[in-house]
Every structure is written in structure tokens, then in C-alpha cells.
Amino acid sequence: MRSMEKNPYSMRVPRKSPPEYYLDQVLPILKRRRVLQLTKFDYRLANNIDEELQKLRCRANFHALRFTKPIQELGQKLVLRMREMAIRFIAVHLRFEPDMLAFSGCYFGGGDKERYELAEIRKRWETLPDLDADGERSRGKCPLTPHEVGLMLRALGFANDTYIYVASGEIYGGEETLRPLRDLFPNFYTKEKLANEELKPFLPFSSRLAAIDYIVCDESDVFVTNNNGNMARILAGRRRYMGHKRTIRPNAKRLSSLFMERDKMDWDTFARKVKAVQRGYMGEPDEMRPGRGEFHEYPYSCICKKNGDPESEQVRGNQGLKNRSKEEEPVLGAKGDE
């Protein structure tokens, strides 16, 4: 029997490798060594592959892969605590950590102090090119600030009594950065606020903390992304696959100009324009055509439609077809004044 005291053999698979790479390069090593560790896991399989393999991918992503028991139990506890306070809640994946902002090359209004601090962090990646912050924002490459996320949600009709769960690591600027979002949504919760002492065993491990956030975001009635990264994409895909739950993606390219002009228009005009630019980004079942985008985010091979009804909701194939009318869509807040 192979001793488990020795670390398993590891190898790194190139990004978006075809199935043949795994058959020709990975499988022989796995057979010979019996245990093999792949040191990278994100996007290691090509996006467009055989339909049957895509279905197998769904079985792996959404059924076989599971969190360990302590992570799963704490995540579910936090979901229950949110449900005890509100029948429905939204989860926001802020992605406003210092390293994320530095990597983006964007500017968020913090003056010379921000420019210096983020530039120092950016030095970690030697191959990153110099970017024009204004150009990146106009191209929609910059995450929204917490304040902008709050304004977008209020403009979309979420009232200030809506309960929100904020998933994030260390926020750049701390409480001062979060305060405008808290003011817009006083029912503001995080894993730190909900768990407190129970969170201590997980604090040294950022990936485990992210896993807890993942569970709560997955169970939310509405999930709001602020960066189309790995976690946001796989969550959006899972929520589509598991019967479809709404995922809102900010149209950052068009929203950026609206936020710049915010002081030049009244609230009703601003809200109307936000709703207009967000069409196609509100998580409707058929807002993306099959074959477009990353499979993680849109697992089209595993989602069925009711025959003869192009407007019917997409659902997970192995659960059968459900009919859910628009009237059953959770309404988390009525339009409120800014």
C-alpha cells in the first residue's frame, strides 16, 4: 500500500487543455503513480468540448465536488441565520480587496495615497503592463466601489430594508469604504458579524473563508457579482444549473459613465438609466446564447428548455422541467428614494 506520508506527485496542466491532453499526458501518470495532484485547477479544461463530456463536467462541478464537513456546516448555519432575520436576502460579492484593485490597474478616487499603495502591491506581478486607469474604467474593466454597488441596487428597486450579505476579504479602505453601502442598506451582514467565535478556526485560511462565502452566496435569493472572476462565474453557473436563481452582473462599461454624471441628474432619471443599461445583465434564464461565454458560467449542455416554449425557464436536466412564472420571482425590495 502506498504510504501517504510522502507528498503525491504533482503536475501543472496548461490552461484550457483539450481532453486529449488528459488522456495522453495525465492519465498515464495517474495509472502509474495511483495518486496525482494537479497544482492548478481553474480553467484547466477547454471551454468547448464534446457534449457528453460537458455533461460529465457538470456532474463533477455541481455534484461530486463538495466542501469538507466543517466548512459546509458553518456555511449552512450562516444561511439559516440570514433566513431567521429575513425570508429573502441578497448576497454581494464585492471583490474590493487591495490586491484585486492593484491588479485591475484602476483608480478609485483615493488620491496620491491610493495610487502609491496600489502601485506598490502591483509590483508583485512583474509581467503586468502599465495601464491607463481612465481607459480601463471606460472599457468596463474596473470593479464598482461599494458605494456604486449600493447605488446600482437601489436604482434597480431594492429598498433600504433589504437584507444583504456581503462576501469579501479585507476591503481596501476598511469601514470608511463600506460606510456608504451600509447607509444605503442598514441590514448589512458578513460572515464575521454572523459567526464571530465560530469563524476563528478558519481565519488563517483565506480559501476556507471564501468557501464559506460561496455557500451563503449560492443559497441567496439574488447574487450580485462585482468582478467576473472564478468564484463569480462558477457560482453563476451553479445557480443556473440548480433550477435557476438570479445572478446580477453590473454592466460596468456603461454604468461608469452614469456614475460620473450622477450629480447632474435627479434620482428618478438616474434609476431609469441604470435599469436601461442593466438589461441583459440581470440573470434572466436566456440572456446568453448557448456556446457563448465560459462554460463554468453558462453550462448550456446541462440545461433543458420546455419544448415549444422559447420563453420557458431553463432548468437542470436531471431534475425534470419546472414551470415557474415571473410572478414567483422573489421581490426583495420596492423602489426607494435615494
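## Buried or exposed?

A residue counts as buried when its relative accessible area is under 20%, as exposed when that area is over 50%, and as partly exposed in between (1.4 Å probe, protein chains only). Glu 73, for one, has a relative accessible area of 43%, so it is partly exposed.

Before we go on, a word on the model. It is predicted, so local features need pLDDT of at least 70 and side-chain atom pairs count only at pLDDT 80 or more, while totals for chains, interfaces and linings use all residues. Residues are numbered from 1 along each chain as its sequence is written, and side-chain values use heavy atoms, with hydrogens and water left out.

## Two disulfides

Let's start with the sulfur. A disulfide here is a pair of cysteine sulfur atoms within 2.5 Å, and this structure holds two of them. In one, Cys 58 is joined to Cys 302, with 1.9 Å from S to S. This pair links distant parts of the chain: Cys 58 sits in helix α2 (residues 51–64), Cys 302 sits in the loop between α13 (267–277) and β8 (303–304), and they are 244 residues apart. (Helices are DSSP runs of H or I with at least four residues, strands are runs of E with at least two, and both are numbered from the N terminus.) The torsion about the S-S bond is about 95 degrees, so this disulfide is right-handed. Cys 58 is buried at 2% relative accessibility, and Cys 302 is buried at 8%.

The other disulfide is formed by Cys 106 and Cys 142, whose sulfur atoms are 2.0 Å apart. Its S-S torsion is about -95 degrees, so it is left-handed. Cys 106 is in the loop between α4 (98–104) and α5 (111–122), and Cys 142 is in the loop between α6 (133–138) and α7 (146–155), so the bond ties together parts that are 36 residues apart in sequence. Count the bonded cysteines along the chain and you get the pattern 1-4, 2-3.

## A strand covered on both sides

Now for strand β6 (residues 222–225). In a regular strand the side chains alternate between the two faces of the sheet. In β6, Val 222 and Val 224 are on one side, Phe 223 and Thr 225 are on the other, and all of them are buried.

What does β6 pair with? Strands count as paired if DSSP finds at least two bridges between them. Strand β3 (residues 90–93) runs parallel to β6 and is joined to it by four bridges, with Val 92 partnered by Val 224. Strand β7 (residues 246–248) also pairs with β6 in the parallel sense, over three bridges, and there Phe 223 stands opposite Thr 247. To get from β6 to β7, the chain crosses through helix α11 (residues 230–241) in a right-handed β-α-β crossover. Right-handed means that, with the strands pointing away from the viewer, the path from the first strand over the helix to the second runs clockwise.

## Salt bridges

A salt bridge needs a side-chain nitrogen of Lys or Arg within 4 Å of a carboxyl oxygen of Asp or Glu, and the structure holds 19. One of them joins Lys 69 and Glu 73 (3.9 Å, N to O). These two are four residues apart in helix α3 (residues 69–85), so about one helical turn separates them. Lys 69 is exposed at 59% relative accessibility.

Another salt bridge brings together Glu 136 and Arg 139 (2.4 Å, N to O). Glu 136 is buried, with a relative accessible area of 10%, whereas Arg 139 is partly exposed at 47%. There is a network too: Lys 77, Arg 81 and Glu 198 are joined by salt bridges that share partners.
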